[in-house]
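Please open the model in your viewer, show it as a cartoon, and keep the selection tool at hand. The stops below go from the whole chain to single side chains.

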Amino acid sequence: MKKYWPVFLISIVTFVSFVYKLGRDLLWDWDECLYGQYAVEMVQKNHFLTNIWNGYIDLQKPPLYSWILAYIGDGNGSEFTLRLVSVIGAVSLLISIYIFAIRFFSQRIAVLSALILLTAEVYVIYSMKLSTDILYSYFIFLAFWQWWETRERKGWMVLAVGVFFGIAVMIKGLGSLQFIVAIGVATLLFPSKTRSEEHTSE
């Protein structure tokens with residue numbers, strides 16, 4: 001627990017700070033209203049394969065984020081309930097980065113990583129909005145972390161990398177393609193060696 005009490009404290013303070021007055025303001029134009037309406041019409045029309053906006057099928061984004069919002073808000077959630085999804089994703093990302101940093105580097109770097117993340121304006125703003133960006137970033141990071149941990153890149157470990165990338169794609173679309181390509185190239189260039197092996201040998 002000596003290693004993890006800082007992230008426990010940071011995550012609690014972050015969660016409370018983010019949820020404070022989370023539902024005070026109405027949904028903002030444009031994205032928040034768009035995602036909120038996706039969830040409403042998904043439940044109203046009982047159509048879960050694609051997003052729907054004012055009766056028209058909208059293929060701008062895959063439906064996973066709308067599924068989550070529809071489930072959490074039962075198709076008619078409040079501003080607080082709908083935005084809470086982003087808060088949970090933001091705190092989960094913060095904790096994951098801390099654990100990753102403490103595993104491969106040190107507690108000092110882990111604490112600094114968490115605190116530096118909290119200074120990122122985009123992270124803070126979108127953690128309290130209806131946005132695909134936070135959950136998308138979280139699963140991209142999980143995919144990268146799993147790839148980093150994998151030594152021989154086979155079996156269920158490779159499958160886990162694919163699953164996390166697949167979830168990211170289902171949340172935001174092919175914005176994750178650049179990360180998939182980067183990891184694919186690194187895998188081809190260094191097929192039998194990963195950072196985890198280098199770290200262990202040191």
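This is a predicted model: local features need pLDDT of at least 70, side-chain atom pairs count only at pLDDT 80 or more; totals for chains, interfaces and linings use all residues.

Residues are numbered from 1 along each chain as its sequence is written, and side-chain values use heavy atoms, with hydrogens and water left out.

Of its 202 residues, 41% count as buried, with buried meaning under 20% relative accessible area, exposed over 50%, and partly exposed in between (1.4 Å probe, protein chains only).

Next, select residues 133–149, which form helix 7. Its 17 residues reach 24 Å from the first C-alpha to the last, close to the 24 Å expected at 1.5 Å a residue, the expected span being 1.5 Å times one less than the number of residues. Because 13 of the 17 residues are buried, helix 7 is largely enclosed by the rest of the structure.

Now turn to the salt bridges, each a side-chain nitrogen of Lys or Arg within 4 Å of a carboxyl oxygen of Asp or Glu; a search of the whole structure finds four. Select Glu-149 and Arg-103, whose side chains meet at 2.5 Å, N to O. Since Glu-149 lies in helix 7 and Arg-103 in helix 4 (residues 79–104), the pair ties together parts that are 46 residues apart in sequence.

Then select Lys-172 and Asp-133, where the closest N and O atoms are 2.7 Å apart. This pair links helix 8 (residues 156–172) with helix 7, across 39 residues. Lys-172 is partly exposed at 25% relative accessible area, and Asp-133 is partly exposed at 23%.

For the last stop, select Leu-174, Leu-177, Ile-180, Val-181, Val-185, Leu-189 and Phe-190, which make a nonpolar surface patch of about 670 Å². Patches take residues with over 30% relative accessible area and no salt bridge, joining like charges within 9 Å and nonpolar side chains (Val, Leu, Ile, Met, Phe, Trp, Tyr) within 5 Å.

Conventions
Accessible areas come from the Shrake-Rupley method with a 1.4 Å probe; for residues, only the protein chains shown count as cover. Helices (H or I, at least four residues) and strands (E, at least two) are DSSP runs, numbered from the N terminus.
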